[in-house]
Every structure is written in C-alpha cells, then in structure tokens.
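Work through the exercises below with the sequence and the 3D view open. Try each task before reading its solution.

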Amino acid sequence: MPVPFEALIPYGIILAMFGVTGAGMSKIKNMQNGGKRMRRSLDQWDRQMMDRDRRLTGYLRGQSDTPIAPAGFELNNPWRVEKRMC
C-alpha cells in the first residue's frame, strides 16, 4: 500500500530544519574559532596552550610568531594565588 505524499511533507520540513540547525551551529563554531575547525579531544596541555595563546593574542585560537611578548604580558599571570592568612 503506497504512502500518501501528504505524510512526507512534515518529514521533509523536519529534515530541512535539522539541516539548517546543523549548518548554523557549524558556522557559529567556525566563526568563534577564528575561521578554523573546532578542536577535539583536548587534554590539559592543549587547554594550557590555548589559554597562553589567548593571553598573548587576545583570541582563543590566535597564535603569534614574534619572539618577544607584547607589552603587559609580564603582568598577565594565569596562576591564581590564594589569599594568605595572617
């Protein structure tokens, strides 16, 4: 028994909406990463280097090839110091 074509219209709409949502999420993540693909399976070293790159360049995925750090980087310490109890 054939399926009436009216039943396929909602499936087409649902499929189109999932496609639009997936493409939109992909584009947003691409824009957030500075036009680069999203990183996967990050470990602690990768996160530390990404944080250093963010402090150096201002962007999470930005990298710099200059051997001298920009002005103000010497005061930009990522270590969190606990308050001393006196």
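## Exercise 1: One helical turn

Asp 51 and Arg 55 are about one helical turn apart, because four residues separate them in helix H2. Keep in mind that the model is predicted.

Task: Find the distance between the closest N and O atoms of Asp 51 and Arg 55, and decide what contact they form.

Solution. 
- Step 1. The closest N and O atoms of Asp 51 and Arg 55 are 3.9 Å apart.
- Step 2. The cut-off for a salt bridge is within 4 Å.
- Step 3. Asp 51 therefore forms a salt bridge with Arg 55.
- Step 4. Arg 55 has 17% relative accessibility, so Arg 55 counts as buried.
- Step 5. Asp 51 has a relative accessible area of 25%, so Asp 51 is partly exposed.

## Exercise 2: Another partner

Task: Describe the salt bridge between Arg 54 and Asp 51.

Solution. 
- Step 1. Locate both residues: Arg 54 and Asp 51 lie in helix H2, which covers residues 44-57.
- Step 2. Note their spacing: they are three residues apart, about one turn of the helix.
- Step 3. Check the distance: the closest N and O atoms are 2.6 Å apart.
- Step 4. Check the surface: Arg 54 is partly exposed, because its relative accessibility is 39%.

## Exercise 3: The largest pocket

Task: Which residues line the largest pocket? Sort the lining by class.

Solution. 
- Step 1. Start with the volume of the largest pocket, about 190 Å³.
- Step 2. List the lining: Met 25, Ser 26, Lys 29, Asn 30, Asn 33, Lys 36, Arg 37, Met 38 and Arg 40.
- Step 3. Sort by class: the lining has four charged, three polar and two nonpolar residues.

Definitions and conventions
Residues are numbered from 1 along each chain as its sequence is written. This is a predicted model: local features need pLDDT of at least 70, side-chain atom pairs count only at pLDDT 80 or more; totals for chains, interfaces and linings use all residues. Side-chain values use heavy atoms; hydrogens and water are left out. On a 1 Å grid over the protein atoms alone, a cavity is a set of points where a 1.4 Å probe fits but cannot get out, and a pocket is an open set with protein on both sides within 12 Å along at least five of seven lines; lining residues have an atom within 4 Å of a point. Grid points are joined across faces, edges and corners, and a volume is the space filled by probe spheres set on the points. Ala, Val, Leu, Ile, Met, Phe, Trp, Tyr, Cys and Pro count as nonpolar, Asp, Glu, Lys and Arg as charged, and the others, Gly among them, as polar. A salt bridge is a side-chain nitrogen of Lys or Arg within 4 Å of a carboxyl oxygen of Asp or Glu. Helices (H or I, at least four residues) and strands (E, at least two) are DSSP runs, numbered from the N terminus. Buried means under 20% relative accessible area, exposed over 50%, partly exposed in between (1.4 Å probe, protein chains only).
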